[in-house]
Amino acid sequence: MTATVTLSPLKPARPARPAHPMHALPDIADPTALFSASYAKARRRFRDAAQHRGLGVESTVLDLPGADGETLAVDVVRDGPLDAARLLIVISGVHGPEGYCGSAIQTGLLELGPLEGLIDGPLRDTAVLHIHALNPWGFSHSRRVTQENVDLNRNCVDFHAPLPVNAAYAEIHDLLLPATWPPAPAIEEALAAYAERVGPKGMQRAISLGQYAWADGMFFGGQAPTWSNRALRAILRRHGRRCRQIASIDIHTGLGPYGHGERIFASPEQGAPIFERARQWWGELTSVETGSSSSIPMTGPVQFAQWDECPQAEHTNICLEFGTLPMEQVQQALRAEHWTRRYGADANRTTAARAALKAAFYPDANDWKAAVWRQGREAFVQALAGLQRVPV
Ligand SMILES: [Zn+2]
């Protein structure tokens, strides 16, 4: 931390003392200003917001430089007592540049002020844990994957057991990442024929379910726990082992309608009671299991680490997924960027592909930013209130 304390210009005005208990909850005057243009700025902003609140920042530093030579780290801020029985975890940056969105929401949530002011009624035995930029290398370098070329949200599998097999991906790996880019028409025709055969969901599943056989491929789940996976597990052991109730909101972008925050039920337990509890907290939820989500079932998402490391707790989790561009465009940006890595493209092409990838996951538009903040804040407040209703 620098010696200079930067006072955030966005600190919300203190709400007028309520004349009625159902007072308006605090909000941010200009939420679009919560968003940053680089990982380094986002990180500084988040840490300043924590410091302004008097909260400590716990950093797990990665021994690799950022895109501009900056320090890369997973930063954790705990807002609330260390022995709280109820814990709400907010995660950003599992997928690199998707972290612009999550980081802005986390910074805004810190700037809203003390948790007690955010819900009607008392806050009981509750803490919030912000995990900022879980994949800091990808965030800084504008890659969705980690420094190991691994999709962190496919990496939380049991590596002592046989790894999942994605036979569908095997059929299209070389079509997705052909030797030349842009792909020849014959390649795109072959992919279109495959998509025709398996349908849109089948295609999405083939590409993004997760695969463990092609280290230079897309949605590669890895062959060992990545640095970020290990960092997450250590954080969960430090902060989650004493909790009875753990909720989490893992913030993503790139799927669904522009600016819409889809609340996707995220749990290895698919039973009705847990889904019903989550539905009561957050309202309308989608499910990858029933096909109501813009996402699909995946192997090894980060929520599985939460179950593994904190088995004593009851868990209630969502992914909050914000739409950006149409899926076709997002997938093309992903393919192009992966192509530069697979074939070792020159610096100019790599830089251009990464800039396009960043733009696909982070629209630089005020309407999108305002919509993201509104829905992020709402989902957070709903989780905080929901946690109060479960026994500990
Ligand atoms: Zn994501």
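Predicted model: local features only at pLDDT ≥ 70, side-chain atom pairs only at ≥ 80, totals over all residues.

Reader: Fine. Which strands does helix H6 lie across?

Author: Helix H6, residues 227-240, lies across E1, E2, E3, E4 and E5. Its direction is at about 20 degrees to E2.

Reader: And helix H2, what does that lie across?

Author: Helix H2, residues 99-111, lies across E2, E3, E4, E5 and E7. H2 runs at about 130 degrees to E5.

Reader: What's the strand order in the sheet?

Author: E1-E2-E4-E3-E5-E7-E6, seven strands in an open sheet with mixed pairing. E1 and E6 are the edge strands, each pairing on one side only. Twist averages 20 degrees from one strand to the next.

Reader: How does E5 pair with E3, and with E7?

Author: Six bridges join E3 to E5, running parallel. Val 90 sits opposite Ile 249 of E5 there. E5 and E7 are also parallel, over 10 bridges, with Thr 253 opposite Phe 322.

Reader: E6 and E7, parallel or antiparallel?

Author: Antiparallel, over five bridges. Phe 265 has Ile 318 in E7 as its bridge partner.

Reader: New topic: the core. Which residues touch the most other members?

Author: Leu 88, Ile 318 and Ala 383, in a largest nonpolar core of 90 residues. Helix H11, residues 366-388, gives the largest share, eight residues.

Reader: What does Leu 88 touch?

Author: Leaving out residues up to four places away in sequence, Leu 88 touches Val 128, Ala 247, Ala 383, Leu 384 and Leu 387.

Terms used. Residues numbered from 1 in each chain as written. Pairing = 2+ DSSP bridges. Helix = DSSP H or I, 4+ residues; strand = E, 2+ residues; numbered from the N terminus. Core = buried A, V, L, I, M, F, W, Y, C linked by C-beta atoms within 7 Å. Buried ≥ 20, exposed ≤ 12 C-beta atoms within 10 Å, placed from the backbone. Contact = placed C-beta atoms within 7 Å. Axes fitted to C-alpha atoms, helices over the stretch in contact; angles between N-to-C directions.
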